[in-house]
Amino acid sequence: ARGHKGGSGRESFFAVNYMNLNLVRPGGGIGLHRHRDSSEAFFAARGRGLMVTGDWCKYPDRDRALEVRQLREGHMTLIHGGQLHGLLNPTDEDLTLFTIGAYD
């Protein structure tokens, strides 16, 4: 098929749509949302936050649908297309966050 490499049916790379450097103030955040046709990577350059990921429905292999994970300085997380995600800075320090959005 046009645009595919090999026989897997999926691209082995993704095209970057945007790159942002964000400052998330104490008590601030990014509301819960999803991108149906793109993935997004979050890198905590400085500070810490809470990342919410998952979906509304439960999966057969786990008891919860949404998960809350700590995003610490130097950590990166990848959110797949269609996956719900949001971020909160519950600390009293700024969170410097680099985000990369890419079409799958």
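**View 1. Arg46 and its partner across the strands.** Arg46 sits opposite Thr96 of β8. Strand β3 (residues 38–46) is antiparallel to β8, and 8 bridges join the two. Helices (H or I, at least four residues) and strands (E, at least two) are DSSP runs numbered from the N terminus, and two strands count as paired if DSSP finds at least two bridges between them. This is a predicted model, in which local features need pLDDT of at least 70 and side-chain atom pairs count only at pLDDT 80 or more, while totals for chains, interfaces and linings use all residues. Residues are numbered from 1 along each chain as its sequence is written, and side-chain values use heavy atoms, with hydrogens and water left out.

**View 2. Strand β8 beside β1.** Here β1 (residues 15–24) pairs with β8 (residues 95–103) in the antiparallel sense over 9 bridges. Look for Tyr18, which stands opposite Gly101 in β8.

**View 3. The open sheet.** In the order β2-β7-β4-β5, 4 strands make up an open sheet with antiparallel pairing. β2 (29–33) and β5 (66–71) stand at the edges with a single partner strand each, so one side of each has no neighbour in the sheet. On average, neighbouring strands of this sheet are turned by 20° against each other, direction ignored (axes are lines fitted to C-alpha atoms; angles run from 0 to 180 degrees between N-to-C directions).

View 4. β2 pairs with β7 (residues 84–88) over 3 bridges, in the antiparallel sense. Gly29 has Leu88 of β7 as its bridge partner.

**View 5. Confidence along the chain.** The average pLDDT (the predictor's confidence in each residue, from 0 to 100) is 84 for the chain, and 79% of the residues score at least 70.
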